[in-house]
Amino acid sequence: MAAGAGSGAQFVDRVVLHVVAGNGGNGCASVHREKFKPLGGPDGANGGRGGDVILEVDSGAASLLEYHRRPHRRAPSGRQGQGGHRTGADGDDVVLTVPDGTVVKSPDGEVLADLVGEGTRYVVAEGGRGGLGNAALASAKRKAPGFALLGEPGDERDIVLELKSVADVALVGFPSAGKSSLIAALSAAKPKIADYPFTTLVPNLGVVSAGDTTFTVADVPGLIEGASEGRGLGLEFLRHIERSSTLVHVLDCATPEPGRDPVADFEVIEQELRAYDRALGDRPLSDRPRLVVLNKVDVPDAREIAEMVRPEFEKRGLTVFEVSAASHEGLRELTFAMAEMVGAYRASLPPAEPTRIVLRPTPVQGKTDFAVKEMGDNTYLITGDKPVRWLRQTDFANDEAVGYLADRLARLGVEEALAEAGAAAGATVLIGTPDDAVVFDWEPEIAAGDGVAGPRGTDRRLDGRR
């Protein structure tokens, strides 16, 4: 989501980013040639690895605006290997800086990483591995391979980035309650201020100092009745409350709107917070310490209303402050009360440790490296990471490379699995997915797995069949 700020800049707290990692470089098929040494042997080197796309927390990043403007990011590919055992260069990683508090999600909402803490990194797209050169493919049966493996493609995916402000104190309240004015009075922040609903279209953050304690205060905009159900702007910004240790209700004692009063406003906001309540560990929103600010007491009628409703809040065990952002009345006491709550919360935390990203791979189903599925009419589909990866590594313009693929599949057990599944000679075999598969004609009488290659770059089993 993007919104205009008062300075003409933009704040973005949710973007969809399309990332593409670099492809691996192709391996090299080369034979060493030197005067008086005609049989120097294969010396083709491996291709370089493709670059990763990495997200990294940077305290200097304030929003996700850069990725809203340029949502496509690509890392460079690895270089091809060369003769003389010269390995191809790896592609450079692309490091994308994000603000502290950025949550990485899949398009369907699964949380992939929660990036908190300066320097925290998450590899969002891995570069492809470089292909093996013919020097690495040489064996006792294939002494001088006339082919090399292709580099693997890098990851390509869409991710969702959401920013949750890392603020110690969150100011909550109706639009035009004076939250932006309070931020401006407490800190050096200069938010846009005016007396109409939804003036604040972005969360404003300010740094406040009280004694030895320095903390951040966030103005969370757009909360109205029904915000947790999507009304107004509240649903877009409620996520910014989740990381705050202290909530401060800013209540407008000078509102001209009929039917509104500080106690009713407080009840509405509390109801929305409870409806949105998402537990972060053992600290749901309903358990956060609260302060109540009766704002705009510089207005005579507002002061009278504040004095009338103050006992009601104190009866509920809440600490109440009568303040004026315009005259700065009561701000010093409020600042030190917030600092005390923030300090108490920080003291309760365990010693800080570097944030570690925990990867939880999807469990592998079964123990086989591939699966064979009958598609009907003597047609079979082979799926599995290994067969698909080997396909990507194969140069189908080189018969020897195709024969090498057949040998690898045979050693994996694909030939036996097809026979057990009832495949007959001439069966159509698809490897991959039904929409994106490579098609082969299966001939069980052709030997596979023995490495029966012909001259370099050829395979006798494929003579007359291509």
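Residue numbers start from 1 along each chain as its sequence is written. Because the model is predicted, local features need pLDDT of at least 70 and side-chain atom pairs count only at pLDDT 80 or more, while totals for chains, interfaces and linings use all residues; side-chain values use heavy atoms, with hydrogens and water left out.

Start with the chain as a whole. The protein chain has ten helices and 20 strands, where helices (H or I, at least four residues) and strands (E, at least two) are DSSP runs numbered from the N terminus. Of its 466 residues, 46% are buried; the cut-offs here are under 20% relative accessible area for buried, over 50% for exposed and partly exposed in between, with a 1.4 Å probe and protein chains only. Taking contacts between residues at least 6 apart in sequence, 70% of them join residues at least 24 apart, a contact being heavy atoms within 4.5 Å.

Next come the helix pairs. Two packed helices are described by the angle between their axes and the distance between the axes. Axes are lines fitted to C-alpha atoms, for helices over the stretch in contact, and angles run from 0 to 180 degrees between N-to-C directions. Angles under 35 degrees count as roughly parallel, over 145 as roughly antiparallel, 65 to 115 as roughly perpendicular and the rest as oblique.

For H3 and H7, the axes come within 11 Å and cross at roughly 85 degrees, so the two helices are roughly perpendicular to each other. On the H3 side, Leu182, Ala185 and Leu186 meet Leu331, Leu334, Thr335 and Met338 of H7.

Lys386, Pro387, Trp390, Leu391 and Gln393 of H8 make the contact with Leu405, Arg408, Leu409 and Leu412 of H9. By class, the contact of H8 with H9 has six nonpolar residues, one polar and two charged.

Not counting residues up to four places away in sequence, Lys386 touches Asp369 and Leu412. Its C-alpha atom is separated by 7.2 Å from that of Phe370, 16 residues apart along the chain.

Leu381 sits in strand S18 (residues 379–383) and counts as buried, with a relative accessible area of 7%. With neighbours within four places in sequence set aside, its contacts are Ala371, Val372, Lys373, Met375, Leu430, Gly432, Thr433 and Pro434. One of these, Thr433, is 52 residues apart from Leu381 along the chain, with 7.7 Å between the C-alpha atoms.

Two buried helix residues are worth noting as well. Asp265, in helix H5 (residues 262–276), is buried at 4% relative accessibility. Its contacts, leaving out residues up to four places away in sequence, are Phe174, Leu251 and Arg260. Ser180 belongs to helix H3 (residues 179–186) and is buried at 8% relative accessibility. An unreviewed UniProt entry puts a "binding site" annotation on Ser180 and Thr200; UniProt positions follow the numbering used here, feature names are shortened, and annotations may be inferred rather than shown by experiment.

Beyond its neighbours within four places in sequence, Ser30 is in contact with Gly41, Pro42, Asp43, Gly44, Gly83 and Asn134.

Two loop histidines have positive phi. His85, between strand S5 (72–74) and strand S6 (94–98), has phi near 60 degrees and is exposed at 54% relative accessibility. His328, in the loop between strand S16 (319–322) and helix H7 (331–348), has phi near 70 degrees and is partly exposed at 46%.

How values were computed
Ala, Val, Leu, Ile, Met, Phe, Trp, Tyr, Cys and Pro count as nonpolar, Asp, Glu, Lys and Arg as charged, and the others, Gly among them, as polar.
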